[in-house]
Amino acid sequence: MSDKAAQHIELRNVSAYYGAKQVLENVTFSVPRFSVLGVIGPANSGKTTMLKTINRTLDFISGARFTGEVQIDGQDVAKIRNPNELRRRIGMVFPLPVGLPMTIYENVAFAPRRMGITGKADLDEIVERCLRQSVLWDEVKDRLELLGTRLSGGQQQRLTLARALSLSPEILCLDEFSIAIDPVTTMRIEDVLRELRKTMTIVLVTNLVQQARRLADNTLFLWQGKIVELSPTDVAFSEDPKDRRTYDYVNGIFG
Amino acid sequence: MSSTAVSTESGATNPFAPTAYESRRSSAAIRNKWIMFGFCMILVIPLLGILIDIFWKAWPVLSLDYLWENPSNKGKEGGLWAPLVGTFYLVIGSLLFVAPIGILAAIYLNEYAKEGWMNRTISITVTTLAGVPSIVHGLFGLGAFVLVMLPALSQATGTKWEAGLLTASLTIAVMNLPVIITSTREALGAVPHAFREACWNLGASRWQTIRTIVLPNSLSGILTGIILTVSRAAGETAPILFTGATFFKFVADGGMAKLFPYTPAEPFMAMSMHLNIISNQISQMPEKMKYGSAAVLIGLILFVNSFAIVLRVWLRGRKRW
């Protein structure tokens, strides 16, 4: 395998803007295949925007644009003619739990159905696999016909994760996925993520710095749209990271 | 009674007793509530008064025959069939034009159009158009459809097209277009944006998202908006005054010709026009005939609007988030 293809996600000098306001400044990093990148940083540091440049959902925000180059598998995303194909290869979970206004079953079957998978047995299998992976199966297996919007916040969050996994993406981007989920369930999902990383590259944006410490191979500290630190996780969380501010942030003495 | 705290029987102080300031404030709140209730009653009383007056005076003529028979002797005798059926086709005809155009335009504006000067200009245009008086729409219809479109149509088809159902329907459609665009946009906007984003993140295209998430969940609002324009189409006289409505048109008294009395290319009778003429253009018109047409027109509009209300209540019960 060539060195280039080994880098699953690569950002080069990416800057992003909402109108005149710059939210990302010359962000450059790469994520090797089947590794976990933890992204930490305070609110408004551009973490979510960074994810939106990767699957090009920034396109949907009027006035938003980005410069620089984002490569998935060595392919420039800006040059992909059908961005929907790109989005199907990247599972995205954003912090706001969203159950679509349809049954739990249909929530998970939504994307496979759009891809033309209509066989009941195939869909049953996908729905069960994804709900198990998102640690929701035991709670909903007897009421798959319930509306996804009727679930609690934490359950909807896991439903969102199940939907993101429904197309077996090769990249999984999680943006504070555990914000509404209780600690015990979070731990079980983290176990699943350790399993998933054998087949997926994971970008984990989190406000729980210890979560990044537990799961990530590399940790990226983003602050005010700029990369402060990108190091192997044990270095970033050590007494002596590359940048002093990382130590301060991780230990809660930032600012 | 103490103004700060009330002692209970056991002698302990009641911590929940209102202070003098709180008592004053709450009595002011109650007074304000009743004043506002009074204003609401001012809305209801005239409406009830009008309804009672009209139906009271119309009572002697109201019957099924009154709806089924054609008017005779300049509307002094007979029923309302010919104008009633004309209004029905006018409403259907205008909906055929305005519903698809209005809904598609609203979907484009709400789901596809990027925010910017173009979108703002169109929005302002739609709002302004909604405020244009109906007589202006009527004159526009006369100019655009009767005087320009019909001669061209007559020449192209080789038959004579007069101002009639086609031109009147188009005029009513133009009048209702901004209303439908606005109500449809509101219905679409009521679907949370997060649903759309969730679909886009899964690689669903804009159209797939609209078809599977946005439209099914805004259908009730869209339909309600359309139904409410029906009463406007049925009730307005000004837009059809010069664009195809007439006071008298012979309508057969039986058979299929009674159900389908008008071609699109001939003048037709309509309820609003009929009421307008018999109320102030015909001498020695019996009171009960005037009030009878008014009662039927109001009844028709209440009937259609009650559909909208029932639909809204039913779909609210099925709301999925």
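The questions and answers below go through a predicted model with chains A and B.

Me: Is chain B a compact globule or more spread out, and what is its radius of gyration?
Reply: Chain B has twelve helices and two strands. The globule rule gives 20 Å for 321 residues, and chain B is well over that, so it is more spread out than a compact globule. Its C-alpha atoms fill a box of roughly 95 × 60 × 35 Å along the principal axes. The radius of gyration of chain B is 27 Å.

Me: What radius of gyration does chain A have, with 255 residues?
Reply: Chain A has eleven helices and ten strands, and its C-alpha atoms fill a box of roughly 50 × 40 × 40 Å along the principal axes. A compact globule with 255 residues would have a radius of gyration near 18 Å, and the value for chain A agrees with this. That value is 18 Å.

Me: What percentage of the residues in chain A is buried?
Reply: A residue counts as buried if 20 or more other C-beta atoms lie within 10 Å of its own. In chain B, 36% of the 321 residues count as buried. For the 255 residues of chain A, the share is 45%.

Me: Which element gives the largest share of the side of chain A that touches chain B?
Reply: The contact takes 19 residues from chain A and 16 residues from chain B. On the side of chain A, helix H3 (83-89) and helix H4 (104-114) are the elements that give two or more residues. The largest share is four residues, and the element that gives it is H3(A).

Me: How many nonpolar residues are on the side of chain A that touches chain B?
Reply: Chain A brings 19 residues to the contact. Five of the residues on this side are polar and five are charged. The nonpolar residues number nine.

Me: Are H8(B) and H12(B) roughly parallel or roughly antiparallel to each other?
Reply: The axes of helix H8 (residues 206-235) and helix H12 (residues 287-317) of chain B come within 9 Å and cross at roughly 175°. Angles over 145 degrees count as roughly antiparallel. H8(B) and H12(B) are therefore roughly antiparallel.

Me: How many nonpolar residues does the contact of H8(B) with H12(B) have?
Reply: On the H8(B) side the contact includes Leu223(B), Ile227(B) and Ala234(B), and on the H12(B) side it includes Val304(B), Phe307(B) and Arg312(B). By class, five residues of this contact are polar and one is charged. The nonpolar residues number 13.

Me: Which proline follows the bend in H5(B) within four residues?
Reply: Helix H5 (residues 134-157) of chain B bends by about 40° at Met149(B). Among the buried residues of this helix are Phe145(B), Val146(B) and Leu150(B), and what covers its buried residues includes helix H6 (165-189) and helix H9 (238-241) of chain B. The proline that follows the bend is Pro151(B).

Me: How many of the ten residues of helix H11 of chain B are buried?
Reply: The buried residues of H11(B) include Met271(B), His274(B) and Ile278(B). They pack against H3, H8, H9 and H12 of chain B. Helix H11 (residues 271-280) is largely enclosed by the rest of the structure, because the number of its residues that are buried is seven.

Me: Is Val98(B) buried or exposed?
Reply: Val98(B) lies in helix H3 (residues 81-112) of chain B. Not counting residues up to four places away in sequence, Val98(B) touches Ala173(B), Asn176(B), Leu177(B) and Ile180(B). With 25 other C-beta atoms within 10 Å, Val98(B) is buried.

Me: What is the phi of Asn13(A), which is not a glycine?
Reply: Most residues other than glycine have a negative phi. Asn13(A) is in strand E1 (residues 7-18) of chain A, and is exposed, with 11 other C-beta atoms within 10 Å. Its phi is positive, at about 50°.

Me: Where is Asn44(A)?
Reply: Asn44(A) is not a glycine, yet has a positive phi of about 65°. With 12 other C-beta atoms within 10 Å, Asn44(A) is exposed. Its place is in the loop between strand E3 (36-40) and helix H2 (47-54) of chain A.

Definitions and conventions
Residues numbered from 1 in each chain as written. Chains lettered and ligands numbered in written order. Predicted model: local features only at pLDDT ≥ 70, side-chain atom pairs only at ≥ 80, totals over all residues. Axes fitted to C-alpha atoms, helices over the stretch in contact; angles between N-to-C directions. Parallel < 35°, antiparallel > 145°, perpendicular 65-115°, else oblique. Contact = placed C-beta atoms within 7 Å. Nonpolar A, V, L, I, M, F, W, Y, C, P; charged D, E, K, R; others polar. Bend = angle between axes of the 7 residues up to and from the residue. Rg over C-alpha atoms; globule rule 2.2 N^0.38 Å.
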